Structure formats: C-alpha cells, structure tokens
Amino acid sequence: MKHRALPLLTLVALLLGWEALVRIAQIPHYTLPAPSLVLQTLAANFGSLAGSWWFTLKITFGALALACAGGVLIASVFALSRTAEAALFPIAVVLQVTPIVAIAPLILIYVESTTAALLLCAWIVAFFPILSNTVIGLRAADPNLRDLYRLYRATPWQRMRLLLVPSALPYFVAGLKVSGGLSLIGAVTAEMVAGAAGRETGLASRILEASFRTETPKMFAALLLLVLTGVLIFWSFEALSRALLGRWHASEQFD
C-alpha cells in the first residue's frame, strides 16, 4: 500500500511546490501558469477541448489496433519462415529508425486524407515494438517442448496455439505497453507537423493554436489531457498484464 501511495504523494508535493513557486515569485501566467489556473482553464474550455481529445483518442487507438493486428500477423509469419524474416525485417527496421517528423510531410503529400495520414504516421511509430517483441516471444519457447510437440506430431496450428502463443504472450504485452504510448506520441507529432486546423483535429492543433495566441494556460490544459491519456493507457495495459500473466508468469509475481 505504501508503494502505491508514494508516487501520488510525490506528484502532490511537486504540484504544491509548483503552485508555491508561481505565487511567491509572482510569475506571469503567460510565462508559467499555476496548476490551479491550468485546472480552471481546463474546466472552462473542456467543451472545446473534448472534441479534439476524442479525435486524438481515435487516431491513437486506431493506430494501436492496426499495429497489434499487423505486428502479430507478420511476427507469426517471421516465426514460421526465416526466409520471410530475412526479406522483410530490414524494412520494418528502416521504418523504426526513420524519425517520424522526417517522413510525416511526405506522407501528408501522398495521402489525400489528413486523418488517414495521421493514422499512418501513428501506426509507423507503434508497429515495431509489437512486431519485434512478438517475434522474440514466439521464438522463446522451450526447445525441449518444441521437440516434444514434434515427437507427438502436433500440427502447426496446435504448436502455435498451445506452445508458441503462451510463450509469446508476456513479450507481446510488454510491446503493447511501449506501443500504447508511442501511438499517442506518433499521433501528436504527426499533427504538429501537419499543422492541421478545423473541427476534425486533435489536441496537438489546440496546443498550436494556443501558442500562436500566447494562451499558455490553455496550452498546459491541452497538455494535461495528453499526459493523463498516456498515463491511463499505460495503467490499462498494466492491469491487462496482471490479468493475463498474474497467475502464471514470473514478470507479475511480486514478493
């Protein structure tokens, strides 16, 4: 219980210190708003920010869903065929190491729909951790168990379902935790590069608009929503990890 309360107490202490610093030093709100002002601004502008927040969530989870589907499918092919891995894995590495801010302008040129372009950018960022971790997990099965399945002439589907999938599950969940945050980062970064405006835009556009108008509290309010979204995504996947692995895998066993 103490370990769970400690992060919350640390966060509260930091916020109180921030509030005290702004008030004592009389820092202008357009330079550094106090946490209380950020919360007031969020409450006052939540109606306008909620639509943008929902758009960002759609891009984030859409990209994550595509990354999971594509990453698991391609990882399964790689695990069954070394030739396919040798031919295609370098392409995945190139996508991973290329900064999204460098290729986002090209994607926005070639893809007519801005929403589809943002989704593609977020998918590129989120895809590789799922692919890489799942490939490692599928190959991490005990060699003795592999030999046993061959001895009993198990079908490829039986080996995949009963041996490889349970072996890969902890690695997949670990990749999911990483990709959840990366999909949000990719969505926000791509929208920053796009400089999109209008109703169908996300929180990144609200941050850009507020910066142009020097509305620093509103920038912090939109940023707060992004931070809370990232934290909730991570906590959700932590809970999923405990639910899937807590009873049998060492990674979720605590003294």
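Leu57 counts as buried because its relative accessibility is 19%, where buried means under 20% relative accessible area, exposed over 50% and partly exposed in between (1.4 Å probe, protein chains only). Leu57 lies in helix α2; helices are DSSP runs of H or I with at least four residues, numbered from the N terminus. Apart from neighbours within four places in sequence, Leu57 is in contact (heavy atoms within 4.5 Å) with Gly62 and Thr229. Its C-alpha atom is separated by 28 Å from that of Gly246, 189 residues apart along the chain.

The model is predicted: local features need pLDDT of at least 70, side-chain atom pairs count only at pLDDT 80 or more, and totals for chains, interfaces and linings use all residues. Residues are numbered from 1 along each chain as its sequence is written, and side-chain values use heavy atoms, with hydrogens and water left out.

A nonpolar core is a set of buried Ala, Val, Leu, Ile, Met, Phe, Trp, Tyr and Cys residues joined through side-chain atoms within 4.5 Å.

| Core | Size | Residues include |
|---|---|---|
| Largest | 18 residues | Leu131, Leu138, Leu164 |
| Second, separate | 15 residues | Phe55, Ile59, Ile107, Ile124 |

In the largest core, Leu131, Leu138 and Leu164 have the most contacts inside it. The elements giving two or more residues to this core are α2 (35–80), α3 (82–97), α5 (114–138) and α7 (156–194). The most come from α5, with 6 residues.

Val227 is found in helix α9 (residues 216–245) and, at 45% relative accessibility, counts as partly exposed.
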